[in-house]
Amino acid sequence: MRSRPRTLAAPLLLAAALLTTALTPSATAAPGHAAPASLTVAADGSAAFAGIQAAIDAVPANNTSPVTITVQPGVYREVVLVPSNKPHIRLVGSSGRAADVTIVHNNSSGTPKPGGGTYGTSGSATFAVDADDFQARNITFANDFDELAHADQPNHQAVALRTRGDRIVLSNIAAHGDQDTLLLDSANKDRQGRVHISDSTITGNVDFIFGRATAVITHSVIQVTRRPDGTSAGYVTAPSTAPQFPGFLIINSTITGDVSDRTYYLGRPWYSGGDATLHPQVTVRDTQLSAAIRTTPWTDMSGFPWQGARFAEYRNSGPGAGTPSGTRPHLTDQQAGSHTPATWLGGWTP
């Protein structure tokens with residue numbers, strides 16, 4: 001992240017003291033350590049922190065109360081991790097517009113790591129959240145990996161935002177990428193990771209909403225994009241849900257894009273690692289579907305047939321919607337009663 005000269009104003013001295021406290025062994029090891037209520041980040045150097053990771057690092061480990069990190073408009077080119085021992089962080093763009101604050105980097109699954117190896121899909125994330133009770137508002141998360149410039153490199157998956165925690169709230173955010181934009185995951189397949197996304201925009205072309213989380217996406221725009229070479233084909237979702245949990249619920253939203261008609265699937269089942277015990281799930285309901293969606297909207301993946309997954313629609317509209325059939329399963333009215341945000345999130349109200 002760029003570093004610019006700053007004057008040692010009182011807010012900076014206070015933030016420096018907080019940072020020093022946060023990094024001492026006693027502060028980072030003590031459970032329930034008190035955290036500052038708020039921190040501010042500005043790319044131009046006018047706040048205590050010029051980078052987002054630096055502000056997160058200043059939050060004491062095992063904090064028990066919310067910490068709001070307010071981010072001033074700007075482009076923040078960095079890789080950011082919210083570790084599992086720093087819950088209750090609220091990342092808020094100060095202007096109220098997601099487009100004004102962009103966190104972006106360009107790692108891909110096949111990008112070589114310093115010291116050897118590659119990042120892998122999960123490790124390619126620009127912004128990664130391992131902690132519970134994280135919230136983000138008015139922020140754009142992006143991965144601008146250039147597939148054409150790295151055509152000789154394998155594994156072009158490039159994650160913009162990855163979540164692994166539980167009770168994650170994303171409101172008025174944008175997630176931009178091509179392949180594997182938004183990884184909604186959990187710490188392991190026996191632990192539920194619940195995510196609520198609202199009033200947001202998600203873009204991509206291949207499996208760009210994927211993972212094993214229980215996620216509700218509501219009042220949002222899911223925008224399919226052409227592949228970097230200009231072709232029009234892809235998949236919106238690739239869930240890898242454990243059988244005891246719900247998967248992805250897309251409701252009261254729009255799926256659209258400036259692409260060729262009937263070229264995008266709603267999803268395909270991702271049996272991560274070939275684990276046949278998984279039971280991937282996606283329900284798309286009360287959502288406007290553009291003509292980009294195929295008339296047979298589900299397809300197989302890596303030898304696993306889509307019919308073994310929990311895929312369904314209900315009361316969708318628009319030129320991409322279709323009537324129930326053997327290739328297009330729909331919920332009954334009775335079944336739809338259990339496919340709601342309240343039932344999906346199991347007692348948690350975001």
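A: A word on terms before that: two strands are said to pair if DSSP finds at least two bridges between them. This is a predicted model, and with that in mind, valine 67 stands opposite isoleucine 89 in E5.

Q: How many bridges join strand E2 to strand E5, and how do the two run?

A: Strand E2, residues 67-71, is joined to strand E5, residues 89-93, by 5 bridges, and the two strands run parallel.

Q: What sheet do those belong to, and in what order do its strands come?

A: They belong to an open sheet formed by 10 strands with parallel pairing, in the order E1-E2-E5-E8-E11-E14-E17-E20-E23-E25.

Q: Which strands stand at the edges of that sheet?

A: Strand E1 (38-41) and strand E25 (310-314) stand there, and each has a single partner strand, so one side of each is left without a neighbour in the sheet. From one strand to the next, the twist averages 10 degrees.

Q: And the sheet with E4 in it, how many strands form that?

A: That open sheet is formed by 7 strands, ordered E4-E7-E10-E13-E16-E19-E22, and its pairing is parallel. Its edge strands are E4 (80-82) and E22 (264-267), each of which pairs on one side only. On average, and with direction ignored, neighbouring strands of this sheet are turned by 10 degrees against each other.

Q: Within it, what is the bridge partner of leucine 182 in E16?

A: Leucine 182 has isoleucine 209 as its bridge partner in E16. Strand E13 (residues 182-184) and strand E16 (residues 206-211) run parallel and are joined by 2 bridges.

Q: Changing topic to valine 221: where is it found, and what does it touch?

A: Valine 221 is found in strand E18, which covers residues 221-224. Leaving aside residues up to four places away in sequence, valine 221 touches Ser200, Thr201, Ile202, Thr254 and Thr256. Between valine 221 and aspartate 207 there are 14 residues in sequence and 16 Å in space, C-alpha to C-alpha.

Q: Which asparagines have a positive phi although they are not glycines?

A: Asparagine 155 has a phi of about 60 degrees, and asparagine 252 has one of about 55 degrees. Asparagine 155 is found in the loop between strand E9 (140-143) and strand E10 (161-163), and asparagine 252 in the loop between strand E20 (248-251) and strand E21 (254-256).

Q: How exposed are asparagine 155 and asparagine 252?

A: Asparagine 155 is partly exposed, with a relative accessible area of 44%, and asparagine 252 is also partly exposed, at 33%.

Terms used. Residues are numbered from 1 along each chain as its sequence is written. This is a predicted model: local features need pLDDT of at least 70, side-chain atom pairs count only at pLDDT 80 or more; totals for chains, interfaces and linings use all residues. Side-chain values use heavy atoms; hydrogens and water are left out. Helices (H or I, at least four residues) and strands (E, at least two) are DSSP runs, numbered from the N terminus. Contact means heavy atoms within 4.5 Å. Axes are lines fitted to C-alpha atoms, for helices over the stretch in contact, and angles run from 0 to 180 degrees between N-to-C directions. Buried means under 20% relative accessible area, exposed over 50%, partly exposed in between (1.4 Å probe, protein chains only).
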